[in-house]
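Hi,

Here is the structure I promised to send over. My notes on it follow below, with the cut-offs included so that you can check them.

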Amino acid sequence: MKENHENKHVQNEQIDAKEILEKYDKESNFRVKLGKWAWVVTFLGVSLTVFHLYTAFTSVLPSQQQGAIHLGTALGIIFLLFPAKKGLQKKQRTVPWYDVLLAFVAMYAGYHKIIFYDDLTLATINGYTTLDVIVSIIGILLLLEATRRTVGVPIVIVASIMILYTIFGNLIPTKVLSHAGFAVNDMSTNLWFRSSGVFGTPIQISAKFIFLFLFFGVILVHTKIGQFFNDLALSLTGRYTGGTAKTAVVASAMTGMVSGSSVGNTVSSGSFTIPMMKKSGFKPEFAAATEASASTGGQLMPPLMGAAAFIMMEYLSVDYSTIMLAAIIPAILYFTGIFIGTHFEAKKLKIHGLPKSELPSFRKLMMKNGFMLLPLIIIVGTILAGFTPQRAALMGVVSAFLISFIRRETRMNLRQIVEVFEQGARVALPVIAACATAGIIAGVVSITGLGTKFAAGIIALSGGILPFALFFTMIACIILGMGLPTTANYVVTATIAAPVLINEFGVAAIAAHMFVFYFGIVADITPPVCLAAYAGAGIARANPFKSGVTAVKLAIAAFIIPYIFIFNPILVLVDVTPVKLIFALTTSLIGMIAVSSAVIGFLVRNSRVWERLVLFVGGLLMIYPEIITTIIGLVMMGTIWFIQKQRKDDSGELELRATV
């Protein structure tokens, strides 16, 4: 009887998770019933995955041709899989004829680049044919529609405005943003056939690297590594103060290594961690915020990070290992801030850890399932050994596939292998569409010179003062991130904003790109449009806006650290020595303790307003890796610690409640 009750509870949780994904995650709104077209979707999906595995092994195709197959096939699957309007995915019993037509037209628009590859290569000299122009216009329109279905309207609006600017920019007054203006045929062929538009860097990186890493994540999910991460985190942290919340942070950090979706991460991990946090005594809003902020940070977590990290590698012309190593300290500080925040909240609420009898054994877990970490170790080792991310991803996929056969419950038969291969393509569809549409935006910047005009605007607006320029760039990244997926947001800001910081203000290149990367990601937890926090609130039955505000407090490190590594890029390993690195990491970690304490309002006891202010400033001074600022910060933090240690009562509690 008890077992039936638990099964029913789990089933209800799964239903809730699915509904929340459909509500907040656009890519989850696919058709449930495909009718006779189901086998076509399966064939195309499996073929696309096999194609990427083959090209990763052989490297036989030029990037433009590989990108054309990558995008063309993805567009075909999107129109067969995603309905034109939300809600139709449950009502339609098959794919309507018009979506079938759009699917095959979209596929031809992509494949046209391969069929006439030699002619199109010479077209920059000889000119494009009428058919080329028609295909390019149709291709762009269908790409925008496919992106709307899988990603959402905001990115389509941005790309459409850019296209209109390309055509009609000459009508804008000269002092604003005018340019010579392009005819429709010139605009469309430039964006569709040349390497600076749709088939530019974002889609090339998507075809070479991102698809394989997403497929790697799909196989790992099949091996039930998510449950292993949850159990492992619980065994490590569950016994300590506020252990359930700390479990959520650690589990989400580990899951984030193989997943790049803030909302998806929140729902998958949150279905396990949020009810556990609520049961132990945390408020619903805090439980939702903890999971959302930790899951969002998954895109910052090496070794895999988010898809944008691979594009950053190409933009900076560095090895992926450079990006991965540069992200380590900021990621540690980010998750330390959230982890410490949960600790102080638990201390304030007097929430203890779980009994040891209720926790899984770390030793037994590692003995039984430790081998599941092998694919991640192989990927990191392959990258650090100097191989390309493409080869590392391929090695990871092969090792994860072989590991799935070790246990009976994850061992795959032929049908399951086909399903996993199809799922690999499905997971990649929104990223492919976003990368291609981001290519339109980047292409417009390239062919119109918009980047130069934007740079002049930033300099004028900031008065040439770097902190002001950083602030305006941060606001732009967060606003764009409220409607654009992280990858597209990064492409836009890396094309327009990052060069301004590098060329006009002398900021280290990797620091500038990490700056826009960070603020594009934290948009997922920044009100008013904080989708990850809303998803967590849906599971926790909490107030969405309050959950978003609390998530910002917990993830305060993400709003501080980028400024620090701009002014002192030691944190992203620029001009660093071992001594400087150890010093910077140690003082920054202590600084994050002070900042988190200030945000939560508790150190040894509940903090008064002025104590919180002193802790916050002291923490900032310690995060900035200089000896003098560190000493001042330590003195400030030590003073508050001593004062609170001497205070016998909790007299700061009333004042604290009045200010929270």
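Phenylalanine 519 counts as buried because its relative accessibility is 0%; here buried means under 20% relative accessible area, exposed over 50%, and partly exposed in between, with a 1.4 Å probe and protein chains only. Phenylalanine 515 is buried too, with a relative accessible area of 0%. The two residues, phenylalanine 515 and phenylalanine 519, are four apart in helix 24 (residues 509-521), so about one helical turn separates them. Helices (H or I, at least four residues) are DSSP runs, numbered from the N terminus.

Before going further, please note that this is a predicted model: local features need pLDDT of at least 70, and side-chain atom pairs count only at pLDDT 80 or more, while totals for chains, interfaces and linings use all residues. Residues are numbered from 1 along each chain as its sequence is written, and side-chain values use heavy atoms, with hydrogens and water left out.

Now to the rings. Rings of Phe, Tyr and Trp (its six-membered ring) pair if their centres lie within 6.5 Å, and planes under 30 degrees apart count as stacked, over 60 as edge-to-face and the rest as tilted. By this rule there are 21 aromatic pairs. One of them joins tryptophan 97 and tyrosine 98, edge-to-face at 5.9 Å centre to centre with 85 degrees between the planes. Phenylalanine 515 and phenylalanine 519 have ring centres 4.9 Å apart and planes at 65 degrees, so that pair is edge-to-face. There is also an aromatic cluster formed by Phe209, Phe213, Phe310 and Tyr320.

What about the surface? Tryptophan 97 is exposed at 66% relative accessibility, whereas tyrosine 98 is partly exposed at 33%. Both belong to a nonpolar surface patch of about 580 Å², together with Leu101, Val105, Ile134 and Ile138. Helix 5 (97-115) and helix 7 (130-150) each supply at least two residues of the patch, and the largest share, four residues, comes from helix 5. Isoleucine 134 lies in helix 7 and is partly exposed at 43% relative accessibility.

Happy browsing!

Conventions: Patches are made of residues with over 30% relative accessible area and no salt bridge: like charges are joined within 9 Å, nonpolar side chains (Val, Leu, Ile, Met, Phe, Trp, Tyr) within 5 Å. Accessible areas come from the Shrake-Rupley method with a 1.4 Å probe; for residues, only the protein chains shown count as cover. A salt bridge is a side-chain nitrogen of Lys or Arg within 4 Å of a carboxyl oxygen of Asp or Glu.
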